[in-house]
Amino acid sequence: MVSYLRHRALIAVFSLTTRACAFSSSAVAFTGRHHKTLISIRGGATSIQNSNINGEEEEELRTGWLHNTQPKYAASPSSSSSSAPLSLAMKRLMADKMQKYRNHRIINPPAAHPCGDANRIMVTEHKISIPLTHPDLQVAMMMNKEDQQSGTTTNEQRRIVPVNRIDAAFLTNNDALNEPTIDVYFTITELLSNTQDEAHFHALQNPNLSPSQRAALYFQKGSNDNDGDDSSSSVDPSRMMLYLQGGPGFGCAAPISGLSLASSSSSWAAAVLLGGGKVTNADGKSFQRIVLMDQRGTGKSSAICKQQLVKMFPDLFLLDKTEKEGKVVGEEFGGDSDARMMLLQARQQKALKEATDYLSLFRADSIVRDAEWIREALTNPFPYVDDDGNDAAAVNGPQPWGGALGQSFGGFCLMTYLSSIQNPPELMYFTGGIAPMNTPVREVYDRLWLRVRERSWKYYEQYPGDVALVKKIVRKLLAHENSADPIILPSGGILTARRFLQIGLALGGSPGSSFANIHSVINSAFVDEDSDEISNAFLKRIDYEQSFDDAPLYFLLHESIYADGEGATQWAANQSYEGHVQANPEFDYRVTCQEDNSNPTLFFGEMVFPFMAHGDFSELSNSGMRMLSEALAEKSDWLPLFCEANMRAALVDKKKSRAAAACYYDDMYVDFECAMKLVQRGCPLEGVKVYVTNEYQHSGLRDDGANIINKLAAMSKNRLHHTNFIYRLAAPKGEAPPNPDAGAPPNPVDDAIPPKPVDGAAAAPPKPPPPELAARDPNVLPPAAAAAAKPPPPPDAPNPPPVLDPNALAVEDGAPPKGEVVPKPALAMDPPRGAGEPKAGVALVGV
């Protein structure tokens with residue numbers, strides 16, 4: 001990736017030069033870490049060519065107050081020269097320059113793998129250069145900044161203007177091609193179904209081809225997805241399925257090694273490619289390609305890690321240096337120590353602002369535009385302008401993805417897709433990925449902490465012997481924290497009690513595998529069962545299980561996925577935890593770890609905390625990373641991610657997309673109640689058909705992806721019975737349903753959320769534990785109930801079903817009369833696989 005700040009500075013210099021003078025010809029070249037960029041100026045016109053340089057390293061320009069004095073963002077994506085119509089020759093020149101700007105390449109010869117039913121698949125690995133800041137986002141950021149300064153933002157101003165074509169500005173505006181780029185990596189998996197496909201595969205394996213030549217050859221097949229039209233040099237997007245992975249901050253699973261294609265039932269991807277027509281596009285045709293994208297900043301895309309951040313923003317890390325080889329940091333500037341420190345701090349603050357702005361470009365709004373950029377590059381790989389001045393993409397009209405699947409955060413991205421892109425994917429499938437829009441971020445975490453408590457209890461129900469063991473581990477780690485002898489991990493981080501409890505992040509997976517893995521980690525803690533010496537194997541396992549050092553983007557941007565343009569997140573998960581601790585000491589591990597405390601020690605869940613940058617994780621723990629995480633937590637001018645009007649337009653009014661979602665009733669990562677608020681009639685996702693179940697956890701797509709994608713595909717095509725519904729918590733058995741006129745129905749989750757203290761008011765004293773917990777044996781768990789503790793059921797008794805009444809799923813031919821719950825017609829339950837009777841707690845299919 002070309003250094004962002006270097007590229008910006010040089011572009012600014014040349015922009016000023018071209019306005020002052022007209023040169024007949026001149027050229028300037030500079031080398032970045034991964035690219036050689038040639039900037040040529042002829043007659044005042046500027047063009048950029050990027051080419052990879054493998055293995056070359058060159059010192060990056062330093063950031064700070066002495067450098068990069070030009071504004072970071074252009075005033076507008078349009079230039080003065082673009083106001084006049086472009087000539088045909090100029091349009092064709094711009095199309096050629098945009099193709100070079102994309103720099104699409106296939107970085108390795110393709111690989112072929114056998115798969116189910118004697119088939120073979122081909123996997124190609126692609127990289128493409130993508131604008132760091134998409135032009136429409138540049139405009140949105142500028143307008144948002146003006147609104148923030150004026151303090152007069154309205155709902156109309158917050159509405160997102162959907163984009164028709166991501167590449168349009170680059171075909172008409174020479175300045176757009178000056179935007180620095182990052183690389184995005186993606187794989188395409190497709191069937192080799194005939195001799196032509198096999199011949200094409202072998203041609204692509206030619207080791208003498210350059211990555212760019214291999215990419216050009218990829219489109220010269222005359223593929224089957226264009227109905228035998230051998231003259232076509234693109235692929236049919238309607239027969240491609242885009243996958244957006246969870247996160248944020250982690251790369252996508254690789255085909256074969258991370259995504260099995262052994263048989264049509266081995267994964268969701270196998271069901272799409274090998275399923276025999278169960279998963280088809282909107283026209284009933286089979287999908288021929290699956291696109292797996294490493295979202296920007298992750299995996300093999302231009303990844304964000306501390307090493308990269310140090311190279312890009314060295315001034316941010318100036319104060320992390322210590323005296324080395326007798327040289328004091330900053331002594332080269334002269335003066336006394338106070339003056340040097342002020343100078344260093346000024347440089348660091350400037351770099352901090354630049355780094356914060358840079359990382360703000362790695363959210364869902366940029367990710368969906370990257371996906372569109374890739375789609376446009378695949379459908380129009382050789383941009384061409386006809387004699388009438390129209391480019392091929394404009395002539396062909398909208399060509400959206402045939403389908404898109406979003407897992408977890410990937411589903412959040414699909415909601416941004418519906419909000420931001422005029423022609424979103426024709427079929428959209430959400431798995432555990434309905435974002436809690438319209439719910440304040442603090443309330444989101446208030447709810448999620450209760451779900452983490454529930455999962456902790458379920459874990460201890462399965463492994464009751466770990467109650468005492470976890471307490472012992474926490475006490476041991478607390479003792480070391482309070483001494484001068486902390487326990488150091490192989491990575492250099494400090495194993496604190498709070499870091500240890502973060503292994504609960506994995507509790508939301510399938511209880512069989514995720515619980516067993518956590519149990520294995522916990523039982524490796526001590527050298528032997530009679531010892532209190534922490535084992536080296538345990539330290540290595542902790543490092544392996546917690547990958548925040550390797551994926552700092554998750555730590556830095558996780559809470560921002562809930563920042564929908566309305567203020568700072570301010571470490572909402574940590575604030576929520578402190579609120580729960582204040583209201584209920586059951587959440588305080590320093591209290592519950594004591595031997596005489598009857599409550600088990602609760603794990604932490606999918607949350608990030610400020611303490612992670614204070615020694616617990618070595619790569620996150622320094623002045624630069626700590627300041628960066630604080631700046632992102634305090635950032636208040638986030639762009640909106642979701643737009644209700646645009647989502648309803650795409651799903652309901654214009655019906656551009658059909659969608660289905662799997663919502664997991666016990667999901668620890670995505671609150672079920674918040675998701676249900678969005679799929680009711682009149683709400684943003686009314687057009688989404690919802691499959692509600694507690695047969696799966698958040699990892700359902702990994703555990704049984706083929707079954708889930710087949711079910712969602714059938715629902716999206718109306719092949720599986722469904723009905724819209726109003727979700728209500730049922731009244732306790734024997735009591736009348738709640739009256740809608742009396743306000744919201746009672747919600748045990750809401751009742752358990754600690755109240756937020758009023759500004760200036762004294763904090764409420766912590767509530768004492770319930771009496772029935774006072775004398776409870778530490779190896780006996782509290783039950784999984786949100787409102788009050790009750791004696792646990794006998795070991796052989798079935799788990800009590802969730803508080804959900806079939807009458808709570810009501811048919812909506814019209815809104816039910818006030819005060820009534822309309823009986824729901826009989827629907828098939830979704831029994832566990834291999835079971836004859838529905839298991840308790842499995843919610844209804846086809847909502």
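Mentor: Let us start with burial: a residue is buried under 20% relative accessible area, exposed over 50%, and partly exposed in between, with a 1.4 Å probe and protein chains only. The model is predicted, so local features need pLDDT of at least 70 and side-chain atom pairs pLDDT 80 or more, whereas totals for chains, interfaces and linings use all residues. Residues are numbered from 1 along each chain as its sequence is written, and side-chain values use heavy atoms, without hydrogens and water.

Trainee: Why is Cys 593 called buried?

Mentor: Its relative accessible area is 0%, and the term applies under 20%. Cys 674, with 1%, is likewise buried.

Trainee: How many disulfides does the structure hold?

Mentor: The structure holds 0 disulfides, the term being a pair of cysteine sulfur atoms within 2.5 Å.

Trainee: What makes helix 25 (700–716) largely enclosed by the rest of the structure?

Mentor: Of its 17 residues, 13 are buried, so helix 25 is largely enclosed. Helices are DSSP runs of H or I with at least four residues, strands are runs of E with at least two, and both are numbered from the N terminus.

Trainee: What makes a space a cavity and not a pocket?

Mentor: On a 1 Å grid over the protein atoms alone, a 1.4 Å probe fits in a cavity but cannot get out, while a pocket is an open set with protein on both sides within 12 Å along at least five of seven lines; lining residues have an atom within 4 Å of a point. A volume is the space filled by probe spheres set on the points, which are joined across faces, edges and corners.

Trainee: Which helix supplies the largest share of the lining of the largest cavity?

Mentor: Helix 22 does, with 3 residues. In the second largest pocket, of about 1500 Å³, helix 17 gives the most, with 5 residues.
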